[in-house]
Amino acid sequence: MGLIKMVIELWRTLHFVCSVQFWRMALIWTLSILFSYYQLFKAYLFSQKVVSYPRCSPSLTPFRPVCVVTGATSGLGLVTAYELSKEGYVVVIVGRSQQLLSETMRKIKGWNEDAHLKDFQVDLSSIESIIKFKMSLRQWLLDSDLHCSVQILINNAGILATSPRATAEGFDQMIGTNYIGAFLLTKLLLPLLENSPVSSKVVNVTSFTHRAVSDVQVNESTVSGKKFLRSKQYPCAHIYEYSKLCLLLFSNELHRHICLLGKSHQIFVTVADPGIVQTNIMREVPAILSCLAFFILKRLRLLQSPECGVDSIIDAALAPPGTSGAYFFGGKGRTINSSALSRNAKLGRELWETTCNLLSGTPFGAEINSC
């Protein structure tokens, strides 16, 4: 039985190595991260000023500030939740598994016995689950002694799927989790962010892999991922890059929409790129290849632990009020530029409209639009 499993795993590994997606990940993703580091260090090489921001503690208020972290049951999400609990935030941890949520609560309490935590089981690829979470979160805030508002929303949840899977609405699950879920959750929680008596913030966790996208189509078939579900061979690497690019375009367009609301709405939008971090996001890649990749990346000093990779996320979350549109990378409050494509305002507007149309076409469209 063990021999059969070994043969199956070897065949799966060989099949993956022979795919375009493997070489895209091995070569283009490596070049993308190296380009990000080049941006980070070229300022030092050419004696230019590095744009960085200091971390600020939560504003002094009569109530404890609330932070929502998605994908908080492992890796970067877990460490993010722990770090913000040390800063005095009431941390709402969001994850798909109730068992993992309970374990996460115990871990963080073990590291920080003063942590104030609340867990919610949410599937970020399910529109129904996200809507239920919004209602449950609001009710929990009303029933507690907390102010009915949210000060930080961190959209960290993400997956790298190597095989096609569809959500209940027919969307590709990877795009549904990495982008559409973050879009919808942010839209639904905007009233709670707006209700904050102090400035609030949306932090979208993206990836250097967005640089691998040189051209992009913005239509319902592509944004929903249905186009990819029909592909003969599932382009997992390309879909992951695309989902992270969409998250960046959305961030910039959200910033523009908030500006149109007027100065009274002090919501700021930042983006965090943690770089290459050793988490379980590669769990669907053949184990032999993921172990080899981590070994090589560690030797190249490109691989970070979650405890180090979290720095850019915490930098973005605790950046001074007024910091909006910054792309945090490399820790120490440092920022770089995302790709030119990700800053295309026309694409951002088209993506926003297309995503809203997609969501309106679901059975929950009326409920979403009423928010």
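For sorting residues by class, Ala, Val, Leu, Ile, Met, Phe, Trp, Tyr, Cys and Pro count as nonpolar, Asp, Glu, Lys and Arg as charged, and the others, Gly among them, as polar. This is a predicted model, in which local features need pLDDT of at least 70 and side-chain atom pairs pLDDT 80 or more, while totals for chains, interfaces and linings use all residues. Numbering starts from 1 along each chain as its sequence is written, and side-chain values use heavy atoms, without hydrogens or water.

**Stop 1: a pocket.** Select His15, Phe16, Ser19, Thr162 and Tyr234, which of the 17 lining residues lie nearest the centre of the second largest pocket. On a 1 Å grid over the protein atoms alone, a pocket is an open set of points with protein on both sides within 12 Å along at least five of seven lines, a cavity is a set where a 1.4 Å probe fits but cannot get out, and lining residues have an atom within 4 Å of a point. The pocket's volume is about 360 Å³, taken as the space filled by probe spheres set on the points, which are joined across faces, edges and corners. Its lining has eight nonpolar, six polar and three charged residues. Helix 1 gives the largest share, three residues. Helices (H or I, at least four residues) and strands (E, at least two) are DSSP runs, numbered from the N terminus.

**Stop 2: a cavity.** Now select Leu124, Ser125, Ser126, Ile127, Ile130, Glu169, Phe171, Gly176, Ile180 and Gly181, the lining of the largest cavity. About 30 Å³ of space lies inside. Helix 5 (127-143) and helix 6 (173-194) each supply at least two of the lining residues.

Stop 3: Strand 6 (residues 267-273) and strand 9 (residues 327-329) run parallel, joined by three bridges. Ala272 has Phe328 as its bridge partner in strand 9.

**Stop 4: two helices.** Finish with helix 2 (residues 20-45) and helix 9 (residues 236-261), whose axes come within 7 Å and cross at roughly 50°. Axes are lines fitted to C-alpha atoms, for helices over the stretch in contact, and angles run from 0 to 180 degrees between N-to-C directions.

Key. Pairing = 2+ DSSP bridges.
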